[in-house]
Amino acid sequence: MMKVHPNTLAAYLEVAKQAAMEAGDVLKKYFRKLDASMIEEKAANDFVTDVDRRSEQIIKNHIITHFSDHAILAEESETQTNTSPFLWIIDPLDGTANYIHGVPAFAISIALEIKGELCVGIVYDPIKDDIFSAVKGQGASKNGKTHTCFSPEKSE
């Protein structure tokens, strides 16, 4: 396992958040404004839009600006591999079918894998402006506040 300082993981998380929010602005701008020319069927019932591609490019550009030596695996483009132990995994529009049909249930997903281990992840819902994030060893949060799903109690 590669040792990464917790403050470094926080910096990676911040870059992911900034990228997602910037791409989220594009998703909001075109939500319920697509026309047929902006939609392509990649395979049966598997669609991509111009907005998917724009969102992905924004995220990739943002990451590359901060970490030019990191590899990127993104849904709508070829994998940019190198010998870096860092791999960003991007779904620029998770829920494309909902987006196409005007259903406000979609998100941007970004994760960072370091030497094969997932260390940072975010899911951004641009409609609700909610960011769900997790950092390995530090728990998960919604909009920067740690949430607990349940509190284990002792059974007697």
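Which side chains meet in a salt bridge with an N to O distance of 3.1 Å? They are the side chains of Glu117 and Lys136. A salt bridge here is a side-chain nitrogen of Lys or Arg within 4 Å of a carboxyl oxygen of Asp or Glu. This pair links distant parts of the chain, 19 residues apart: Glu117 is in strand S6 (residues 117-125), and Lys136 is in the loop between strand S7 (130-135) and S8. Helices (H or I, at least four residues) and strands (E, at least two) are DSSP runs, numbered from the N terminus.

Before going on, please note that this is a predicted model, in which local features need pLDDT of at least 70 and side-chain atom pairs count only at pLDDT 80 or more, while totals for chains, interfaces and linings use all residues. Residues are numbered from 1 along each chain as its sequence is written, and side-chain values use heavy atoms, with hydrogens and water left out.

**Charged pairs**

Side chains of opposite charge can pair when their charged atoms come close. The structure holds three salt bridges:

| Salt bridge | N to O distance |
|---|---|
| Lys28 and Asp25 | 3.8 Å |
| Asp50 and Arg53 | 3.9 Å |
| Glu117 and Lys136 | 3.1 Å |

Lys28 and Asp25 both sit in helix H1 (residues 6-30), three residues apart, about one turn of the helix. Asp50 and Arg53 are separated by about one helical turn because they are three residues apart in helix H2 (residues 50-66).

How well covered are these residues? Buried means under 20% relative accessible area, exposed over 50%, and partly exposed in between (1.4 Å probe, protein chains only). Glu117 has 19% relative accessibility, so Glu117 counts as buried. Lys136, at 43%, is partly exposed.

**A recorded site**

An unreviewed UniProt entry lists Glu75, Asp91 and Asp94 for "binding site". They are spread over 20 residues of sequence, yet they cluster in space, with a largest C-alpha distance of 9.7 Å. UniProt positions are given in the numbering used here, feature names are shortened, and annotations may be inferred rather than shown by experiment.

Glu75 lies in the loop between strand S3 (71-74) and strand S4 (86-94), whereas Asp94 lies in strand S4. Glu75 is partly exposed at 40% relative accessibility, and Asp94 is partly exposed at 39%. Contact means heavy atoms within 4.5 Å. Leaving aside neighbours within four places in sequence, Asp94 is in contact with Phe106, Ala107 and Ser109.
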